[in-house]
Amino acid sequence: MTLPAAIFVLRWLIRDTFRQALASRTFWLMVSVTGLCTLFCLSVRIDGPRSLTPEGEIELYGGDKQPLTGANPNPGSMTVGFGALRYTLFRDAEAEVRFLHSFLALWVAGAIGTLAALIWTAGFLPAFLEPSAASVLLAKPAPRWLLLTGKFVAVIAFVGFQEAIFFLATWSALGVRTGIWSPGYLLCIPLLLLQFTIIYSFSALLAVYTRNTVVCVFGSLIFWFVCYAMNFGRHETLAMPVLDPTVPALPTSVQDSVEVGYWILPKPGDVLILLDTALDAKEDFDPLPPSFRLVQTPAQPLSPELGTVLATGAFQTNEGAMGIPVPPQVFAEATYLSLQASQQGRGAFHPELSVLSSLLFAAMVLAVAVRQFATTDY
Amino acid sequence: MSTSAVAEFEGVVKDYPAGLLRRRTLRAVDEVSFRLEPGEVLALLGPNRAGKTTLVKILLCLCGPTSGHVSRLGRPANDRRTLAKVGYVHEHPAFPRYLTAAGLLEYYGALSLIPFEEVRRRIPPLLERVGLSDRSQEPIARFSKGMVQRLAVAQALINEPDLLVLDEPHEGLDPAGRRLVADLIREQRREGRTVLLVSHVLSEVEQLCDRVAVLAGGRLVHLGPLSSLTRDPATGATRPLEDALRPLYEISA
């Protein structure tokens, strides 16, 4: 088959998949969620300083542009629901928008959206491969490998389209309302699509072998969970000796097995780290030094600021040291990012290699699925 | 292997794995050889599980033979390019329910590598031909079984095939639908195209077919003109096809 003919067939498979998706109620449910999130973003209003951080420095200033010496006298406020709810900013407007971006990208699109897309599209391939439906398609001149990869690409294209609508709509709405346009938010589109592609390749493999939607749904979810567990388990294995030298090291054989498993399997957890980076979330935590420790040792005492926060437990009551509010989720994020920092510091996290090896795994899984499909008797 | 035949089976054997561990094999087609000549209508007959559908699937590259050779339109059967000139009606067609009749023909026409404008030009007369022109924009989900079958016939003709393979095309059709299929087969023959018909409707076979191939237990037990079956060798009188087939079908029992 010539390349133009293959592209022609691919275009039609994509077109058919869009029609299949448009005919489903789930599509309209997802469009509604996008609409609601966009409306939520349009309802946001922020009154207060845009940024408290002079360029190149850590946060030292309050809303009054004076050095922070006590409670912030002019923290600003955010309203949502077109003024229905108002609350005090814990930091500046940029941080607030970043928080909203993180919530929308990580939880709404990243967790709920990916889960919904996986469940929804899990039935597309089994329906496509069902013998009475596939027999007529397979009696057409398009080769089997093209039909399967074409359908796979079509599903990815559709999910990418949905993500693009979601991110562009919420980004525009928040930008219009707050004047803050963080381009990093749009990087979430390819990153989340990468995560979906990895998991969906496994779903495609299950579809070819079983043609069963239920197996595809649960199989791909379990696979996602296993990959996450291996991903974070490996990072924990590397980070814990740095963060807490009192924790006994794992046996070398276990460490090696975890390392091999990490590099073989896809790395959805690393995608999450890349998402954080794309969202500039780590900027919020720059004041934390790279040598940040959760556990104080005689050789490595905690920094005075963090020591105060931990000692008073003030982070749990939203009142941090030196008048800087430290909400619990910020502290949790700081902890997580410190793990990331320690890994990066040790050269253990390679974003490019991580993405490439994940894509390689997805390609290999898809190749196995294609080979099986090409030799299956119908 | 001759290149003049539209399709040719030569010593074709097909074994399927069977049993819990799939170590045993079940022979569905056993050393079958015959040719499909240009412009003829050949009926493939046989009792259930005789291997008719398996033979059709091998011809259409839906499954491969365990041994033997199959050619289609002058090329080996695994050369998919010739499928562009083959039309196929599946015994139990299942089409995407979200598509309309016209949408399905567009999609299947595209997968037969026909330019879009050409497909669009062919759709209205085809739907008219199968009696679905007034339902062209209706989702298939709302179609009855007979309407789906008519649509299956239309999609098989969208690429103006040189070889039309009909696997039980009368399934679910009312008398008008059956007449429609019969007329289409006659039309194909008039235009010099070849038809392979798998059917249990013997009255249609008697009216439409030039030759008959009878399979029983996976083996070809008879191949020849229809008259070679319907003429009683003892008396020379014409007998019903059903009577002629009964002893052949009993071979597999």
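**Entry 1: getting started**

Residues are numbered from 1 along each chain as its sequence is written, while chains are lettered from A and ligands numbered from 1 in the order in which they are written.

**Entry 2: chain B overall**

I found eight helices and 10 strands in chain B. Here helices (H or I, at least four residues) and strands (E, at least two) are DSSP runs, numbered from the N terminus. The radius of gyration of chain B is 19 Å, close to the 18 Å from the globule rule for 253 residues, so chain B is as compact as a globular protein of that length. That radius is taken over C-alpha atoms, and the rule is 2.2 Å times the number of residues to the power 0.38. Along its principal axes, the C-alpha trace of chain B spans about 55 × 45 × 40 Å.

I then turned to contacts, where two residues qualify if their C-beta atoms, placed from the backbone, lie within 7 Å. Among contacts in chain B between residues at least 6 apart in sequence, 67% join residues at least 24 apart.

**Entry 3: chain A and its confidence**

Chain A has 13 helices and three strands. I checked its pLDDT, the predictor's confidence in each residue, from 0 to 100. The average for chain A is 81, and 74% of the residues score at least 70.

A reminder to myself: where pLDDT is low, the predicted coordinates should not be read in detail.

The three strands of chain A form an open sheet in the order β1-β2-β3, with antiparallel pairing. Its edge strands are β1 (45–47) and β3 (85–88), each pairing on one side only. Two strands pair if DSSP finds at least two bridges between them. I counted three bridges between β1(A) and β2 (residues 77–80) of chain A, and I saw A:Ile46 opposite A:Met78 in β2(A).

**Entry 4: where the chains meet**

How many residues of chain A are in contact with chain B? I found 22, touching 25 residues of chain B. Helices α1 (3–22) and α5 (131–138) of chain A each supply at least two residues of the chain A side, and α1(A) gives the most, with seven. That side divides into 14 nonpolar, three polar and five charged residues. In this scheme Ala, Val, Leu, Ile, Met, Phe, Trp, Tyr, Cys and Pro count as nonpolar, Asp, Glu, Lys and Arg as charged, and the others, Gly among them, as polar.

**Entry 5: a covered helix in chain B**

Next I looked at helix α2 (residues 101–111) of chain B, where 11 of its 11 residues are buried. Among them are B:Leu104, B:Glu106 and B:Tyr107. What covers these buried residues includes α1 and α5 of chain A, together with α3 (116–129) and α4 (145–157) of chain B. Just after α2(B), B:Leu113 takes a positive phi of about 65°.

In the loop between β7 and α5 of chain B I found B:Glu168, which has a positive phi of about 50° although it is not a glycine. B:Glu168 counts as partly exposed because it has 19 C-beta neighbours inside 10 Å. B:Arg49 sits in the loop between β3 (41–45) and α1 (52–59) of chain B, and its phi is near 60°.

Key. This is a predicted model: local features need pLDDT of at least 70, side-chain atom pairs count only at pLDDT 80 or more; totals for chains, interfaces and linings use all residues. A residue is buried if 20 or more other C-beta atoms lie within 10 Å of its own, exposed if 12 or fewer, and partly exposed in between; C-beta atoms are placed from the backbone.
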